[in-house]
Amino acid sequence: MALQHNVGLSLIFRLELENSSTTFGKLASIIGEAGGDIIAVDVIRVSKETVIRDVNINVFDREHGQKIVNALDAAPGIKVINVSDRTFLMHIGGKVEVTPKIKVKNRDDLSRVYTPHVARVCQAIHEDPSKAFQLTIKRNTVAVVSDGTAVLGLGDIGPYAAMPVMEGKAMLFKQFAGVDSFPICLDTKDPDEIVRIVKAIAPAFGGINLEDISSPRCFEIEERLKEELDIPVFHDDQHGTAVVLLAGLINAAKVVGKRLKDLKVVVVGIGAAGVACSKMVLAAGVKNIIGVDRVGILNRNQDYDNNMWDWYAKNTNPLNLTGTLDDAIQGADVFIGLSGPGVLKVEHLKSMAKDPIVFAMANPNPEIDPEEAEPYVRVMATGRSDYPNQINNVLCFPGIFKGALECRASTINEEMKLAAARAIASVVTDEELSEHYIIPSVFNKRVAEVVSKAVIEAAYDTGVARRGDVTSNNNF
Ligand SMILES: NC(=O)c1ccc[n+]([C@@H]2O[C@H](COP(=O)([O-])OP(=O)(O)OC[C@H]3O[C@@H](n4cnc5c(N)ncnc54)[C@H](O)[C@@H]3O)[C@@H](O)[C@H]2O)c1
Ligand SMILES: O=C(O)C[C@H](O)C(=O)O
Ligand SMILES: [Mg+2]
């Protein structure tokens, strides 16, 4: 039989085994010889002749899994019934659901949550629309909106294929910050239509988290929505990433004992995330940033058909370097990758300044394999959950929206983002700080707490918080 899926390394083999005392030993040695790692074994059914078992095996990759399937298929007394990938099993039927907050136990409850009494609540909101924040899910709910055009580093894979990422974001909003959200993938790439649709659905939401929308379209879409809506609109790939990156950079610079203003920073992938990260790093005091995309180093000798790249060339690259990454990376202190896999080579690392800092943040596969890079870098970070120093926007978006929703911010401004970055960086204390711990774990409960607190403070300081002290709960 052939494997169905190619992304999981943890496979569950359903096997039919001859019911004899030697078959299991034989099975274990076949798997062991093929390099598989048996994690767990369950008995599903037993008859006189056969035993059905589920054997959970960790494999390196799809090819490795297939090798084990073939070895088992070839063995007498063992039949492979089915192979499932645990990652796919976790996605069956989607990853989120809507759960009511109140149980409807009787007709009286029904008449309150639904018709006829709900009508009075509708009427109250009709008379004072700001009550929607008090009496509907708007208070604590974000729309996670994508058009599927820049999904992770996979590119334009469309709205159906984007859903698992958006569902994942919705899970993380809830788990890490208690914020409710809906994944919404739009079957259009037209910026006008996206703006129109998001505006039209906005009444239900307290915030809009734009996700995985390709550049440069994402800049226009976000700008227009920010102007036209009175709730926060936040393109996570831009600002969430930039906030976390800055937090990581602040701490990494401490580890290597360099000052931000002295750093030479090379950013590869001048798209949504690359532009926002560069802007944030500039705002934090870095002076020498060089951007590289498929066209090479962005410089002022060129006119680009991408307005953002023209802006970028004007505002970075102080020496107006030209050429490729090979040229840009010479003597650089920091590499920031927001492009795709394989962009950065060991030769590049060797030409960087002493104590290189490498943030290879492309997902799912970073710009360089961390194991390959490790011997040549002082601080290494990726966007992935399975390596130390995970620089991923999940450290930002739950907490920043929690804060923005709690104070009913009309927008998420630069001050709020900067406050969030500093808050994330502060979770790692000076005693804890090291090459392998520049950024807190996404499971650190303090992250969303300190981020939301810092964001609320910054929102009040800058006058965008709209939640006054509650003087009366009287809805009668
Ligand atoms: N770790 C994180 O939190 C995080 C957050 C956002 C994005 N990302 C990753 O960053 C990457 C970019 O995301 P985005 O939303 O900015 O996408 P985007 O499509 O807006 O931008 C990607 C840019 O990278 C450039 N690029 C791609 N391959 C390149 C190469 N080989 N050499 C030079 N330039 C190249 C593209 O031309 C484009 O300008 C993705 O892999 C995404 O997963 C990571
Ligand atoms: O989804 C992630 O893991 C981070 C980021 O939003 C990305 O697009 O890669
Ligand atoms: Mg994203």
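Asn-317 sits in the loop between α12 (307-315) and α13 (325-328). The model is predicted.

**Positive phi in loops**

- Most residues other than glycine have a negative phi.
- Asn-317 has a phi near 50 degrees, a positive value, and is not a glycine.
- Asp-212 lies in the loop between β7 and α9.
- Is Asp-212 buried or exposed? Asp-212 counts as buried because 27 C-beta neighbours lie inside 10 Å.

**Cis peptide bonds**

- Most peptide bonds are trans.
- Ser-215 and Pro-216 are joined by a cis peptide bond, with omega about 0 degrees.
- Pro-216 belongs to the loop between β7 (207-210) and α9 (217-228). The loop between β7 and α9 also holds Asp-212.
- Asn-363 and Pro-364 are joined by a cis peptide bond too, with omega about -5 degrees.
- Pro-364 is in the loop between β13 (357-360) and α15 (370-373).

**Strands and the helix between them**

- Strand β9 (residues 264-268) pairs with strand β10 (residues 288-293). The pairing is parallel and has 5 bridges.
- Which residue of β10 is the bridge partner of Val-266? The partner is Ile-290.
- A right-handed β-α-β unit is formed by β9, helix α11 (residues 272-283) and β10.
- β10 also joins strand β11 (residues 296-297), through 2 bridges. These two strands run antiparallel.
- A hairpin of 2 residues connects β10 to β11.
- Asp-293 stands opposite Gly-296, which is in β11.

**Around ligand 1**

- How many residues surround ligand 1? The shell has 27. The closest are Gly-153, Gly-269, Gly-271, Asn-363 and Gly-383.
- Two elements, α10 (236-256) and α11, each give two or more residues to the shell around ligand 1.
- α11 gives the most, with 3 residues. This helix is also part of the β-α-β unit.
- By class, the shell around ligand 1 holds 11 nonpolar, 13 polar and 3 charged residues.
- Domain 2 (107-231) and domain 3 (240-461) each supply at least three residues to the shell around ligand 1.

**Around ligand 2**

- Ligand 2 has Leu-152, Val-165, Asp-212, Asp-236, Asp-237, Asn-363, Gly-383, Asn-392 and Asn-393 around it.
- The shell around ligand 2 divides into 2 nonpolar, 4 polar and 3 charged residues.
- Which domains each give at least three residues to the shell around ligand 2? They are domain 2 (107-231) and domain 3 (240-461).

Definitions and conventions:
Residues numbered from 1 in each chain as written. Chains lettered and ligands numbered in written order. Predicted model: local features only at pLDDT ≥ 70, side-chain atom pairs only at ≥ 80, totals over all residues. Pairing = 2+ DSSP bridges. Helix = DSSP H or I, 4+ residues; strand = E, 2+ residues; numbered from the N terminus. Right-handed = clockwise from strand over helix to strand, strands pointing away. Near = placed C-beta within 6 Å. Nonpolar A, V, L, I, M, F, W, Y, C, P; charged D, E, K, R; others polar. Domains from an automatic or database assignment. Buried ≥ 20, exposed ≤ 12 C-beta atoms within 10 Å, placed from the backbone.
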